[in-house]
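Subject: Structure for you to look at

Hello,

Please open it first and keep it beside you while you read.

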Amino acid sequence: MASSRYEPTSRPFTPGGESLAPTVASSMKQSRKHNVISRHVANNKGYNWNELVAISGTVIPAVSLPVFAVTAFSTVVVVLNTYTSIFKGWLPNSTIMMTVLGVVLGLLLVFRTNTAYERFMEGRRLWGTVIVNLRNLSRLIWIGVHSKTDHLTPEEFNRKRCAMNLLMAFAAASKHYLRDEDEIDYEDLAPFISHISDFSYDRMLTFKADDGRVVPLDITHHLASYVAVCRVKDHIDINVQGLMNTAINSLVDCFTNFERVRNTPVPLAYSSLLKQIVMIYVVALPFQIVAQTSWVTIPIVFLGSFCLIGIESIGTEIENPFGYDANDLPMDQFCEDFRRETQALMSRTTRVACEEWGEAYAFTPVPEVYRAKTEEGCVTNATESIGGIGIPDKVDVLVKA
């Protein structure tokens, strides 16, 4: 998408803070799909008539031309057979050839659509794994990284926010990479990596992805470096470091599998042969049935060609789920949802103190072994109630069951 580049502001953009200046936000490059479309899964009690008559998002626009071309050809065959004797004596009286060819064609179409759908579902599973690891990293970084004195220096806290920005940037960078969008000056990516010198505002104008640099992988390198620094400064223990590195390794693994799905299409020889067999079948169909069905041949060929060409087109439609088509994965929504979650986490305190919890709700009677005696030896009413568990200020003994 052609768009003018943007000029940096005098201060860096930080999530949770004020938005970019209007001039910057208006000129920053956006993805072609501007609006994030929410998709809700619901069980409809009635028949969904909207899907029956839908055109947008279906294969109808893609198959209309070949279907009408085959239907027009069958019309010519019917007219010639009805008003001339050009086909007399050589039209087949049996449909056994079409039956045998139809069985073979059906098996090929099933394999084609199953292969394409498996690629689609693998892309969805990979995105789910990416979001899981990003959520784990955001929790470990924002809550788990802290100083022994429980007070990070301003510089350390800034690095912590930068690391959180990189998590949001990884999702957006992966999305743009899978769509062959090599630039980095997108509004959902540029502000979150501008603190890195290689991706600073003044270098974004000259950034080129054809020099071997892969932005998502660069982000994982910086995250790994941050984890190592936190361990050296003793802001995390060895267990948390292991969890973080495992999550980062999983992100790299998912990104590599993204590349495998995108860069390994169905072999051309297979997809080309399938299209040729489908076209041969629907073109030969009117010659096989015109002697028995006459004018009814036209609607039969129309329906048959629509079904066969449509099923084959579905495989082509969903085999690469990372684009902008209506049936592709909603990657914009994935990235936007994670960004909102992360910014909501960053708006809270960095340490969640369980000591500040209030009285717990107990929906069952408190077991006798957990009832505490006060100095007078009486069990408090709260411990005996179903509505809550009372914890005395001073406990002498636990009453054993």
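Below are the findings, from the whole chain down to one residue.

This is a predicted model, with residues numbered from 1 along each chain as its sequence is written. Local features need pLDDT of at least 70, side-chain atom pairs count only at pLDDT 80 or more, totals for chains, interfaces and linings use all residues, and side-chain values use heavy atoms, with hydrogens and water left out.

**Overall**

The protein chain has 13 helices and zero strands. Helices (H or I, at least four residues) and strands (E, at least two) are DSSP runs, numbered from the N terminus. Of the 401 residues, 38% count as buried. Buried means under 20% relative accessible area, exposed over 50%, and partly exposed in between (1.4 Å probe, protein chains only). Take contacts between residues at least 6 apart in sequence: 75% of them join residues at least 24 apart. Contact means heavy atoms within 4.5 Å.

**α4 and α12**

Helix α4 covers residues 96-144 and helix α12 residues 331-346. Their axes come within 11 Å and cross at roughly 10 degrees. Axes are lines fitted to C-alpha atoms, for helices over the stretch in contact, and angles run from 0 to 180 degrees between N-to-C directions. The two helices are therefore roughly parallel to each other. (Angles under 35 degrees count as roughly parallel, over 145 as roughly antiparallel, 65 to 115 as roughly perpendicular and the rest as oblique.) On the α4 side, the contact residues include Arg 124, Trp 127 and Ile 131. On the α12 side, they include Phe 334, Phe 338 and Glu 341.

**Cores**

The largest nonpolar core has 57 residues. Such a core is a set of buried Ala, Val, Leu, Ile, Met, Phe, Trp, Tyr and Cys residues joined through side-chain atoms within 4.5 Å. Trp 127, Ile 219 and Met 244 have the most contacts inside the largest core. The elements giving two or more residues to it are α4, α5 (154-178), α6 (190-193), α8 (215-232), α9 (238-263) and α12. Met 244 touches Leu 137, Leu 140, Ile 141, Val 145, Val 227 and Ile 236, not counting residues up to four places away in sequence.

**Gln 288**

Gln 288 is in helix α10 (residues 268-293). Gln 288 counts as buried because its relative accessibility is 7%. Leaving out residues up to four places away in sequence, Gln 288 touches Pro 92, Ser 94, Thr 95, Met 97 and Met 98.

Best wishes
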